[in-house]
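Welcome, and thanks for taking a look at this one with us. Please have the sequence and the 3D view open as you read the briefing below.

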Amino acid sequence: FKGVPADNEVGEAATSSSEPKQSDEKKTGKEGEEEGPAELKKHPHLQLKLRVVNPDAKPIMSKDGDYKRFVRIVESHNKKLLKNSASLCLSNDEIDALKAFTESFSNPAVAVPLLVTQATIKLIIKWPHPLLFPPLGLYQALMLRDAQRKVLLKQYKVIIPKLIATVTNEKAKGTVQMMALCVFLNMFADKHLAVLLVNDEAFMDMLMYVLESESDLVKISAARLVFNVALALPKRGSLGVIQLASYLPCVCTRSTKGGNLAIMLRAVGQLVFCNDEAGKVVGIMDFKPLDLVSSFKGSKASLRIQNAASDVIALLKHLEYSQR
């Protein structure tokens, strides 16, 4: 698309609301500061030989390569909406831009034309929840790109509330909720965006909501998202740490899917790692990871559950305050 700004230009070209303002006293830590590297180097957790908990763990990303189908469904929905809801529709140029870019959604080497970015965001903001699965599938791919996450930062107050509303809508299909959660997963590739999300009360409330979902599709995405949140939370002075540490063990205890449990136990481990505040909260909850290991003995996820549970037990036994 000649003359159409690409990824390296979209940050300046994007319009709408800016990212949310931080309060004077940030939730990310006491007086807005996290523990420094020097303090963390002294923590007894760093001397442990852990199986799956890793100080260098990376957030879980989501990739769905069926972009041809997503674009085809978008075009079909768009034609149907033209009859009665033209204000919700993409222009012919926007549809053509999506179709022309279909093969490049999965190729980060190809810059995203501004028209593709605008069309995808327009669909997410304007279309009703039942139609959002394909636009969210496309946006999930865009969130794997740094330039596109910068666009989101500029439009945080518009896009994030719509995504949260989609996930928490009781009438929304599980597939739509799942794909919205996949979009959130990929946002955690950006550290700045991750900090904004874990300090966003509405986002954290949404996370607690989906952890109680009855949909298996939603549950697996929720487990992955809680892992990313555990990685992004600071090591002290965070309300989010206390909230998650007091809630996640209960969710683990009620889990009926081995794969989900393995991921959530890893999240507990990452949350407690070098974090005495989280460790104290989990420690007083009579959380017994080994009971969960026996409950899923023989399942495909048995070894992963055992490794994560062993790490959690070791971490809880070696909190810094308990060494004094």
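**Helix α13 and its surroundings**

- Helix α13 covers residues 239–254, which makes 16 residues. At 1.5 Å a residue they should span 22 Å, and the end C-alpha atoms are 24 Å apart, so the two values agree.
- At the start of α13, Ser-238 places a side-chain oxygen within 3.1 Å of the backbone nitrogen of Gly-240.
- The buried residues of this helix are Gly-240, Val-241, Leu-244, Ala-245, Leu-248, Pro-249, Val-251 and Cys-252.
- Cover for the buried residues of α13 comes from elements including α11 (201–210), α12 (216–232), α14 (258–272), α15 (276–283) and α16 (289–295).

- Leu-271 is found in α14. Its relative accessibility is 2%, and because buried means under 20%, Leu-271 counts as buried.
- Leaving out residues up to four places away in sequence, Leu-271 touches Ala-230, Leu-233, Lys-235, Val-241, Leu-244, Ala-245 and Ala-278. Val-241, Leu-244 and Ala-245 are also among the buried residues of α13.
- Between Leu-271 and Leu-233 there are 7.6 Å in space, C-alpha to C-alpha, for a separation of 38 residues in sequence.
- Asn-260 also lies in α14, and it is buried, with a relative accessible area of 7%.
- Beyond its neighbours within four places in sequence, Asn-260 is in contact with Lys-219, Ile-220, Ala-223 and Ser-255.

**Loop residues with a positive phi**

- Cys-274 is not a glycine, yet it has a positive phi of about 55°. Its place is in the loop between α14 and α15.
- Asp-286, also not a glycine, has a positive phi of about 55°. This residue lies in the loop between α15 and α16.
- Which of these is buried and which is exposed? Cys-274 counts as buried at 3% relative accessibility, whereas Asp-286 is exposed, with a relative accessible area of 56%.

**Side chains that reach the backbone in other loops**

- His-43 lies in the loop between α2 (37–40) and α3 (67–84). It is buried, with a relative accessible area of 3%.
- The His-43 side chain reaches the backbone nitrogen of His-45 at 3.1 Å.
- Asn-169 sits in the loop between α8 (156–168) and α9 (174–187). At 22% relative accessibility, Asn-169 counts as partly exposed.
- A polar atom of the Asn-169 side chain lies 2.8 Å from the backbone nitrogen of Lys-171.
- Not counting residues up to four places away in sequence, Asn-169 touches His-129 and Gln-177. The C-alpha atoms of Asn-169 and His-129 are separated by 8.3 Å, with the two residues 40 apart along the chain.

**The chain as a whole**

- The chain has 324 residues, and buried residues make up 51% of them.
- Its accessible surface comes to about 15600 Å², with 51% belonging to carbon and sulfur atoms.
- Of the contacts between residues at least 6 apart in sequence, 77% join residues at least 24 apart.

- The average pLDDT of the chain is 88, and 86% of the residues score at least 70.
- Residues 1–19 have a pLDDT below 50, and beyond near neighbours in sequence this stretch has 52 contacts in the model.
- Residues 29–35 also have a pLDDT below 50, and this stretch has 15 contacts in the model beyond near neighbours in sequence.
- Where pLDDT is low, the predicted coordinates should not be read in detail.

Notes
Residues numbered from 1 in each chain as written. Predicted model: local features only at pLDDT ≥ 70, side-chain atom pairs only at ≥ 80, totals over all residues. Heavy atoms only, no water. Helix = DSSP H or I, 4+ residues; strand = E, 2+ residues; numbered from the N terminus. Expected span 1.5 Å × (residues − 1). Buried < 20%, exposed > 50% of the residue type's maximum accessible area, 1.4 Å probe, protein only. Contact = heavy atoms within 4.5 Å. Polar contact = N/O pair within 3.5 Å; in protein donor to acceptor, adjacent residues only side chain to side chain. Areas by Shrake-Rupley, 256 points an atom, 1.4 Å probe, with all protein chains shown as cover. pLDDT = per-residue confidence, 0-100.
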